[in-house]
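User: I am new to this structure and would like to learn how to read its features. Please guide me through it.

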Amino acid sequence: MSALFVLSAIGAVSLALGLWLLLPRGVPWGKPLGALLVAVALGVIASLVPRLGAWASDSVFLILAAVTVLSAIATITFRNPVYCAIWFGLSLLGTAGLFLFQGAQFLGVATIVVYAGAILVTFLFVLMLAQPKGQAVYDRVSSAAFLSALTGALAVGVLTLTIVGVWRAEPGPSQVAVVDRAALDSDVLAPDHMARLGASLFGKQLLAVEVAGTLLLVALVGTVAIVGQIHKPRTGGDASHV
Amino acid sequence: MSEVALLENYLLVGALLFGIGLVGFFTRRNMIVMFLCSEMMLQGVSVSLVGWGRFHNDWGGQLLVIFILTVAACEAAIALAVVLTLFHQRGSLDIAVWQQLREENQAPHLDIAVPPAPIEDERKWPRLTPAGIEPDKDLQEVLHRSHM
């Protein structure tokens, strides 16, 4: 238990320092050291959990996880917001791969289509519409970088300890029984994945589907109402007291 | 493939995504990048949910992720409209511009003042060696362009 704690602490601290060095701070030094520290932290954190067992699934999972996490780090550390959005798209592709790896086929495809295809393109549209000329100051200097990195790494460390520690405690009767492979193959991993997912989506969750559809409509109307105010002449006094 | 190991690995990836998104949301000042980071936190939660769903042999995790996708789409549309409106009012995507936002009768409250940025040009300009002979300047042109 204490070895796990020490390893988690090492991982969290080096993740915090690495993220702090990598974040845009307006100074040119520290990026290679930050990348090294983040790599060390990710290696330490990955060494805390057991591997999957078969080398093929292990390597596929590790590659997907590395793509996801590294492009997530690149998303928050690049200064140009367009690059941030593109790195986020790569992170989404990694997430979709992780979904597919777990047998969630519909979610893997939906992540690519909805997130990377629609939401990310909307982000890029707005970036093109609202990007001032040249590199803006606020993209090059972040606020309270060290405290933020420390907070995030602390959260990751505590979560890691929880994830790793829960299962290493004595296996009492409160622990959930592990589902065996045959049950999985007959339900979540069944070949007719889409039919079962659709059946539970439009069966048990039908009301939630209706509410989600209404939410989409309301969001559409709200967006049009908000954007429609941009080009109206101001009635005056709206920015006087801010 | 051990199911417990799979769950732990997925939870760890989800935790990392959430933590990285949290750091980005706290520290970046561009409103659009902040919003990307919140989407990244949603991704972390989704990864964890799918992991739990497989572990418990239950469709609930995947169904919840479908609803997360729906809500994220709505949220992206509305938030980007708001960002566009804010950008049109001040001409800047900096979130620190809006830290004085308050009601009319409230006292102003400032967060930590954002330090003025050191503007140093990191782009490397090519340095050319001077070569050749400088041509004679046209007197008329020199007189015409007063800024030369």
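Analyst: Let us begin with a single residue. Not counting residues up to four places away in sequence, Arg54(B) touches Gln102(A), Gly103(A) and Val188(A); two residues are in contact if their C-beta atoms, placed from the backbone, lie within 7 Å. This is a predicted model, in which local features need pLDDT of at least 70, side-chain atom pairs count only at pLDDT 80 or more, and totals for chains, interfaces and linings use all residues. Residues are numbered from 1 along each chain as its sequence is written, while chains are lettered from A and ligands numbered from 1 in the order in which they are written.

User: Where is Arg54(B) found, and does Arg54(B) count as buried or exposed?

Analyst: Arg54(B) belongs to helix α2 of chain B. A residue is buried if 20 or more other C-beta atoms lie within 10 Å of its own, exposed if 12 or fewer, and partly exposed in between, with C-beta atoms placed from the backbone. Arg54(B) counts as buried because it has 22 C-beta neighbours inside 10 Å. Between the C-alpha atoms of Arg54(B) and Pro130(B) there are 68 Å in space, and the two are 76 residues apart in sequence.

User: Which elements make up chain A?

Analyst: Chain A has ten helices and zero strands. Helices (H or I, at least four residues) and strands (E, at least two) are DSSP runs, numbered from the N terminus. Of the 242 residues of chain A, 31% count as buried. Among the contacts in chain A with a separation of 6 or more, 65% join residues 24 or more positions apart.

User: How many residues does each chain bring to the contact between them?

Analyst: Chain A contributes 88 residues and chain B contributes 74 residues. On the side of chain A that touches chain B, α7(A) gives the largest share, 13 residues. That side of chain A divides into 62 nonpolar, 22 polar and four charged residues. Here Ala, Val, Leu, Ile, Met, Phe, Trp, Tyr, Cys and Pro count as nonpolar, Asp, Glu, Lys and Arg as charged, and the others, Gly among them, as polar.

User: How should I read the packing of two helices?

Analyst: Two packed helices are described by the angle between their axes and the distance between the axes. Axes are lines fitted to C-alpha atoms, for helices over the stretch in contact, and angles run from 0 to 180 degrees between N-to-C directions. Helix α2 (residues 31-55) of chain B packs on helix α3 (residues 60-90) of chain B at an angle of about 175°, with the axes 9 Å apart. These two helices, α2(B) and α3(B), are therefore roughly antiparallel; angles under 35 degrees count as roughly parallel, over 145 as roughly antiparallel, 65 to 115 as roughly perpendicular and the rest as oblique. By class, their contact has 13 nonpolar, five polar and one charged residues.

User: How do the axes of α10(A) and α3(B) cross?

Analyst: The axes of α10(A) and α3(B) come within 9 Å and cross at roughly 10°, so the two helices are roughly parallel to each other. Their contact has 15 nonpolar, four polar and no charged residues. Those that meet include Leu215(A) and Ala219(A) in α10(A), and Val71(B) and Ile78(B) in α3(B).

User: What span should α3(A) have, and against which elements do its buried residues pack?

Analyst: The expected span of a helix is 1.5 Å times one less than its number of residues. The 23 residues of α3(A) should span 33 Å, and the end C-alpha atoms are 32 Å apart, which agrees. Phe61(A), Leu64(A) and Thr68(A) are among the buried residues of α3(A). The buried residues of α3(A) pack against α1 (2-22), α2 (31-48) and α4 of chain A, together with α1 (3-27) and α2 of chain B.

User: How many residues does the largest nonpolar core have?

Analyst: A nonpolar core is a set of buried Ala, Val, Leu, Ile, Met, Phe, Trp, Tyr and Cys residues joined through C-beta atoms within 7 Å. The largest one has 84 residues, and those with the most contacts inside it include Leu19(A), Leu17(B) and Val83(B). Helix α1(B) gives the most to this core, with 13 residues. Leu17(B) touches residues of both chains, including Thr68(A), Val69(A), Met40(B) and Val47(B).

User: What is the phi of Ala144(A), and what is that of Asn57(B)?

Analyst: Phi of Ala144(A) is near 55°, a positive value in a residue other than glycine. Ala144(A) lies in the loop between α6 and α7 of chain A and is partly exposed, with 14 other C-beta atoms within 10 Å. Asn57(B) also has phi near 55°. Asn57(B) sits in the loop between α2 and α3 of chain B and counts as partly exposed, with 17 C-beta neighbours inside 10 Å.
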